[in-house]
Amino acid sequence: MSKAPVASDRDVAAPRPYALAVDAMGGDRAPDIVLAGLELAADRHPTARVLLIGDEAVLTPALARYPKAARICDIRHASASISMEMKPTAALRVRGSSMRLAMEAVASGEALGVVSAGNSGAMLALAKIIVKALPGISRPAMVAVQPSSRGDSVMLDLGANIACDARNLVEFAVMGEAFAQAALGLPRPTIGLLNVGSEDLKGDERLRQAAERLRESVLAEQFHGFVEGHDITAGTTDVVVTDGFTGNVALKTGEGALKLAFGLLKNVFQTNLLTRIGYLLVRPGLERMREWIDPRRYNGAVFVGLNGIVVKSHGGADGESFASAIDVAMDAVTHNLNDKIRARLDQLGMLGADTDATPANAVAPEPVS
């Protein structure tokens, strides 16, 4: 009697990786906002598999209150968590933290991306050490989507690298182009270098060198040139490239300006009976405007240039905000963000090239939060 064929190890299909590993214990109000965000995200990404990492004794009963999230999540126990105040060097020594285990899941290929609302500096340090940078990238950068008068645009770096050289800025342009393709669906996004003026002679030597390299590269047709601060909100280019110090200041200045504008409008409409009546008349338009620029829609900054998708949610996020961060991570995974970056680096002759900047797996100074 012939025997049934015995399946060899090679015949057994490898398990499908989790789409995301989620740090359930990171953030000001974790794990509640994490689970609330996953409950919303489960409707948007019903086929996603999520590895939820944190204190099992806390997560198991809590997840029972979120049936949609429970459907897509598997829990993995983590014996520790990283506080929002912990220094990156100290965070690296916490071996069993939920954030570290999430990074290790990505590094091993068990998950394609990680999302955390935890400590920014610790997250970047762990990502550099564990996930590591793509070949040819000297410094990963932080990139996010933001509103403009022409629609959404992206800007980087938003705080991961305080000082940058010309090569770093060219790398940021490559990563920004790929992110705009994945997040905004733009086949050929335009790119601008943030400067103190749009003229070719403006700015310092590193900016002029970066501009020259971009004009001589395969990105030449998409490179707009120098842009100024007002071009960020005008949407002059789809991608705005700058160093982390300038980008973080620009980002937080914009956030402050929005708060000021809405605060002034509120004061105006509360002045007297006529202004209150006027508010009732314009309220539908103001509500549409608030929805359009709602910061919760834009939550989720990506550390681009790593061997995996790493998304940082705002530490004070609510459920809706955290769901937006999940959306950002899923877009990057689904649209093969890193493959796009590798392909462009190859075209530029930078894939696997030696970098003369700080090694990506070194612990850099804490980024701007």
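## A walk across the sheet

Start by selecting residues 151–156 and 239–241: these are strands β6 and β9, which pair in the parallel sense over three bridges. Strands here are DSSP E runs of at least two residues, helices are H or I runs of at least four, both numbered from the N terminus, and two strands pair if DSSP finds at least two bridges between them. On this pair, pick L156, and you'll find V241 of β9 opposite.

A quick note before moving on: this is a predicted model, where local features need pLDDT of at least 70 and side-chain atom pairs count only at pLDDT 80 or more, while totals for chains, interfaces and linings use all residues. Residues are numbered from 1 along each chain as its sequence is written, and side-chain values use heavy atoms, leaving out hydrogens and water.

Now zoom out to the open sheet of eleven strands, with mixed pairing and the order β3-β2-β1-β4-β11-β10-β5-β6-β9-β7-β8. Select 73–77 (β3) and 223–227 (β8): they stand at the edges with a single partner strand each, so one side of each has no neighbour in the sheet. From one strand to the next, the twist averages 25°.

Next, show 205–215, helix α8, which lies across β7 (191–194) and β8, at about 165° to β8. Angles run from 0 to 180 degrees between N-to-C directions of axes fitted to C-alpha atoms, for helices over the stretch in contact; contact means heavy atoms within 4.5 Å.

Last stop: L52. Among the residues that L52 touches, leaving aside those up to four places away in sequence, are V22, L38, C73 and I75.
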